[in-house]
Amino acid sequence: MNMATTNTTAPLRAWVDSIGFIAPGLPDWPAACAVLRGEQAWLSAPGILPAPGLLPPAERRRASRVVKLALALGLEAATHAEADPATLATVFASSGADGHNCHALCEQLAGGDRQISPTRFHNSVHNAAAGYWGIATHAMQPCQVLCAFDASFGAGLLDGLAQVVSDCVPVLLIAYDSEYPQPLHAKRDTPDCGGVAMLLSPAPTAHSLAAIKLDPTDTAADRLSDAGLEGLRTAIPALRSLPLLKHLACGSAGTVVLDYLPPMQLRIDVQPC
Amino acid sequence: MPRARNPGLNRGRASALRPSAKIRAFPVPGQDVTPLLLSSFTATTCLGRGLDATCEALRHGQSGLQPCAFETVQLPTWLGEVGAIDDERLPGHLAHYDCRNNRLARIGLETDGFAGRVHEAIARYGSNRVGIFVGTSTAGILQTELAYRRRDPLSGALPADFDYRRTHNSFSPAEFTRDYFALKGMAMAISTACSSSAKVFAAAARQIALGTIDAAVIGGVDSLCLTTLYGFASLQLTSTQPCRPYDAGRDGISIGEAAAFALLERADEAVAGDILLQGCGESSDAYHMSSPHPEGLGARLAMTAALRSAALDADDIGYINLHGTATPANDAAEGKAVAALFGKRVPCSSTKGATGHTLGAAGAVEAVVCALALQQGWLPGSPGTRQPDPKIPIQYLVDTRPAELRHALSNSFGFGGSNCSLIFGVVR
């Protein structure tokens, strides 16, 4: 089966204006760029999550790791592009919600006292990070929240690009994943927090890094030659984006294939600005 | 198959907040507002399995709510529980998906001949050209709650038979549906709490408009679990009585469960009586995690955006299926937004007194309610509501009544301030 379209005018396309990035050993996009370009070696280290300074004090106290992660990613991308987050439509894509909160709820509900805390409950929704993003940035634009397990980045990119093209507006894609504690960790072994944010624009801007267009394909995904980075790509679903990010970091043109949902993969053509 | 030049539906956005005009760098499809066809649809709720049972109950003002007798839950509340879900057994090749939520999904798919219509669409378009968009808030988390009661007493490990990916994960009902139909293309779950399965309509419409897929199986599946029952109780949002949407004395929700699906395609061959998706509007409250904006600002933006997307005016709408959860705050906020846009002219009701609040499935269930109202010429009343709140100046329908209408609007709002309004029409 060949799912690649013969249509050369792929409908899903946009300009990438900026990136936000957090992964183990890579605290932000400049740090990731240096490693993706081969200027520095990747060294394993726990992911660092900045405090969510934009949130009001009550929400800041309640902000979990996954909320800190998503907010930091989105704000880094908005800052690099000098974009006002309040004006941006958003797509949040995550393979799971707040694993620690989920564990605490399930543990309590399995015990004798089932009177769970209201904050734990509202933090349990898959769109908790998106909700805190709205409170922090005052963005009233459409906010999508997706999940496709290991294919969540691809799902986010598909919907984000569709919004950019359909509505002719910039869309901030925030793809992120976090870890579960035991005993769920044994069933879902995402090792740490990590993710990527991309500001996708319908037209080139002064900040645009590259134009991208997306076609379906059934070709195997690109791998990274650096074993450490390849480990991140396969361990954290949002980092299935790394082959694309390598082109963006290097400013190189080319075509990459990203993992999505077998047998459908995403072929992305990258043309630097 | 040749494609229409502009086959899509343009989604509305919050105009007051719209960024200034942009230079178009390439042609933008979807600028013409072209409706999409709901070529098949179905709903299973506590009212029964399928459209006939749903119609029968709604036309007679019946409620499916019963005092809570779910699992080991001990709460003074009423539930919209779907009967005999756990008698279902998934077929062998899908057995690893087995959990209450996917059993309910399968019931939904196999009701009203829906799966057959999907198979026909797959034969027509190909297995990589039919997308899957399923909304859910908790998917099969009940399976995890139950697994936590069976942890190894020494190691704390979860039981070996527990499959996180195919039961608990938010993607599981979408992945189940994709595997059920042996599809090979695009799929995603949307999980924005109680707006989830309204937003699937918008996401699928975008992709069909752009021609990346030819059809989409869209829907919502959410099933009862301890997290939501004890969670809403902890927020003091559950009523001890059957819920009373928009009643002066309303005091909370009744939680329900449901599976509702639709098959969305281009409307090139629509005939009289067919139901069309005509507009979608999405917005965010940016206000609070579990309380709506008190003035209903986000709700108003979503409805305004849906009207613009459908190229319709408020006067074109003949019925509004309200989100209407029956909490004091939700109905007051939504009522302000509806009153501001529609005044008392448009008949409105919430059908959650009949079905309960089916959370992530509510958007799809209520889309089906709108489709039935449009096709059959009646407006559903509001079982449970006795005295509509005089402080909410809208035309609230307590009793079902006949009415011919062309367009209906459905509201769905969720935790985290996620809002989605949909507009449906009937081909005359």
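Tutor: Two strands pair if DSSP finds at least two bridges between them; a strand is a DSSP run of E of at least two residues, a helix one of H or I of at least four, both numbered from the N terminus. This is a predicted model, in which local features need pLDDT of at least 70 and side-chain atom pairs count only at pLDDT 80 or more, while totals for chains, interfaces and linings use all residues. Residues are numbered from 1 along each chain as its sequence is written, with chains lettered from A and ligands numbered from 1 in the order in which they are written.

Student: What makes strand E3 of chain A and E6(B) a pair?

Tutor: Strand E3 (residues 143-147) of chain A and E6(B) share two bridges, in the antiparallel sense. The definition asks for at least two, so they pair. A:Leu146 stands opposite B:Ile190 in E6(B).

Student: Why is H7(B) called roughly perpendicular to H12(B)?

Tutor: H7(B) and helix H12 (residues 362-376) of chain B pack at an angle of about 70°, with axes 5 Å apart. Axes are lines fitted to C-alpha atoms over the stretch in contact, and angles run from 0 to 180 degrees between N-to-C directions. Under 35 degrees counts as roughly parallel, over 145 as roughly antiparallel, 65 to 115 as roughly perpendicular and the rest as oblique. H7(B) is therefore roughly perpendicular to H12(B).

Student: Which residues of H7(B) and H12(B) make the contact?

Tutor: B:Ser196, B:Ser197, B:Ala198 and B:Phe201 of H7(B), with B:Ala362, B:Gly363, B:Ala364 and B:Ala367 of H12(B). Contact requires C-beta atoms, placed from the backbone, within 7 Å.

Conventions. Contact = placed C-beta atoms within 7 Å.
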